[in-house]
Amino acid sequence: MGYRYDDQNIFAKILRGEIPCDNVLETEHSLAFRDIRPQAPVHVLVIPKGPYVTYDHFALEASDAEIADFTRAVGQVCQQLGVQPGTGGSGYRVISNAGGDGVQEVPHLHVHIMSGRMLGRMVSAG
Ligand code: AMP
């Protein structure tokens with residue numbers, strides 16, 4: 001079965017300018033904005049502008065230009081936020097939830113960049 005993109009999801013509405021966001025970075029193919037319910041002092045979402053549901057969808061079907069732009073956007077956001085451990089930042093975590101087991105709420109690919117506190121172990125059940 002192919003990927004089915006729902007263009008009424010909240011991030012599609014942000015991309016169309018129908019609802020506002022707290023913009024952090026915009027590039028040709030990507031957008032970054034602050035999470036509305038932050039789970040860490042720094043909590044930014046990076047999304048591609050294209051209609052991709054999950055990370056695997058994007059990784060398999062996006063163009064090389066979109067993938068390069070998105071990957072660079074994640075790096076630029078980390079740089080902008082000053083979280084890179086290599087340059088004195090306190091570190092961060094990048095997460096992308098997909099589907100049921102991943103507990104994905106919004107069906108438009110996004111990576112969470114979280115920082116600013118000790119984030120604990122990678123996964124906790126429940
Ligand atoms: P996920 O479970 O990975 O799909 O997480 C979706 C994230 O989107 C959650 O952390 C929400 O707080 C966040 N979110 C939902 N609506 C908005 C919005 N309008 N602006 C910014 N972040 C949002």
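Some ground rules before we go on. This is a predicted model, where local features need pLDDT of at least 70 and side-chain atom pairs count only at pLDDT 80 or more, while totals for chains, interfaces and linings use all residues. Residues are numbered from 1 along each chain as its sequence is written, and side-chain values use heavy atoms, with hydrogens and water left out.

**The pocket and His112**

A pocket here is an open set of points on a 1 Å grid over the protein atoms alone, where a 1.4 Å probe fits, with protein on both sides within 12 Å along at least five of seven lines; lining residues have an atom within 4 Å of a point. The largest one has 35 lining residues, and Gln39, His43, Asn97, His112 and Met114 lie nearest its centre. His112 itself sits in strand 5, residues 111–115 (strands are DSSP E runs of at least two residues, helices H or I runs of at least four, numbered from the N terminus). With a relative accessible area of 11%, His112 is buried; buried means under 20%, exposed over 50% and partly exposed in between, with a 1.4 Å probe and protein chains only.

**Two polar contacts**

A polar contact is a pair of N or O atoms within 3.5 Å; within protein, one must be able to donate a hydrogen and the other to accept it, and residues adjacent in sequence count only if both atoms are side-chain atoms.

| Side-chain pair | Distance |
|---|---|
| His112 and His43 | 2.8 Å |
| Asp56 and Tyr3 | 2.5 Å |

Asp56 belongs to helix 2, residues 55–61, and is partly exposed at 36% relative accessibility.

**The nonpolar cores**

A nonpolar core is a set of buried Ala, Val, Leu, Ile, Met, Phe, Trp, Tyr and Cys residues joined through side-chain atoms within 4.5 Å. The largest has 18 residues, and Ala32, Val46, Phe70 and Val77 have the most contacts inside it. Helix 3 provides the largest share of this core, 5 residues. A second, separate core of 7 residues includes Ile14, Phe33, Leu45 and Ile47.
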